[in-house]
Amino acid sequence: MPEPASSGRKVLAVTLRISSAAAALLRRDAPREEKLRFTAEEHALPAAEEVTVLFFLALDTDAEVHGSARKRLRGVPLAVLADAVACRTLHPRVLDALARLHYRYGELATQIAVHPNCDDGTRAFLAERGIAAAVGVTTVHPVHTTEHPPQDEVPAEEDDEPVDEESEQFKSKYQLAQVMGVAEKIKIAQTGDKEWRMILIKDSNKLVSGTVIRNPRITESEVLAIVKSSIQNDEILRVVCASKEWLKNYQIRKALVENPKTPIHSALRLLTTLTEKDLSHLAKSKNIQTVLSTQARKLLIAKKEKR
């Protein structure tokens, strides 16, 4: 389990509110057996109290108690975690621990980010992982799911599966993007996941969309889709044209030539790398600049003369 907030970080001053039953487990003289039983068995405490007690037991000086509590806190069902985060009195340190353990669950992480007791350090941690707090949001809604969080802390590698724009997670991120400031969007654009990249690449602010193309997690298939789109940010195309790695992809080179926003000197250079079949098509195309179609015809003639 992650360590609690460091002393050099500003943490909200919030009174810890728990029932007498929960408080009894956190007393210094609380029996060790009772603490271990709590970490090992189901019980009737409200979700917020359950994760709060587990958090503080995870800091217990007894190695077996804190080890058992940490293991249990990692394995709390997502539905219970969501109910806990929906409690407006949840302590900032508990929110921070949940954020660091379960940030990969986007909707839950977003709920933590917008929680009124979430401190700046926790929000900064989440923002680095593509989760941002919406300005002015104070209501936290529970997630309805029966899934359990993963047991390891290794982020899953992104693949080229299409993004589901109808999913609740995607909609939640899209709604957040509508109320975020430019600086916050840029921060997320630098490291955000595929859903964030898909949302922010279309942002009207060119600084935001231009940052997305420099995200180290962006894939070739995403770059190809961006180049094929009617993106209005010329800087994005300049960055792609300057990338030796991306230009190894034939489809990206072809798409750059066909995109009217590509700088003409770059398009002319890339035109020479295309096949005769594509040059023949471009020579007749009315969807590209005249200078490109003319040059495509010249290249075709030159190739035929060399035969």
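User: What makes a contact a salt bridge?

Analyst: A salt bridge is a side-chain nitrogen of Lys or Arg within 4 Å of a carboxyl oxygen of Asp or Glu. This is a predicted model, and a search of the whole structure finds 15 salt bridges.

User: Why is the pair Lys173 and Glu195 called a salt bridge?

Analyst: The closest N and O atoms of Lys173 and Glu195 are 3.0 Å apart. The cut-off is 4 Å, so the pair counts. Lys173 lies in helix H9 and Glu195 in helix H11, so the bridge ties together parts 22 residues apart in sequence. Both residues are buried.

User: What makes Asp29 exposed or buried?

Analyst: Its relative accessible area is 58%. Exposed means over 50%, so Asp29 is exposed. Asp29 forms a salt bridge with Arg27, at 3.0 Å between the closest N and O atoms. Arg27 has 43% and is partly exposed.

User: How do you know how far apart Arg238 and Glu235 sit along helix H14?

Analyst: Arg238 and Glu235 are three residues apart in H14, which means a separation of about one helical turn. Their closest N and O atoms are 3.3 Å apart, in a salt bridge.

User: Which kinds of residue make up the contact of H17 with H18?

Analyst: Leu279 and Leu282 in H17 are among them, as are Leu299 and Arg297 in H18. The contact residues divide into six nonpolar, two polar and three charged.

Note on methods: Residues numbered from 1 in each chain as written. Predicted model: local features only at pLDDT ≥ 70, side-chain atom pairs only at ≥ 80, totals over all residues. Heavy atoms only, no water. Contact = heavy atoms within 4.5 Å. Helix = DSSP H or I, 4+ residues; strand = E, 2+ residues; numbered from the N terminus. Nonpolar A, V, L, I, M, F, W, Y, C, P; charged D, E, K, R; others polar. Buried < 20%, exposed > 50% of the residue type's maximum accessible area, 1.4 Å probe, protein only.
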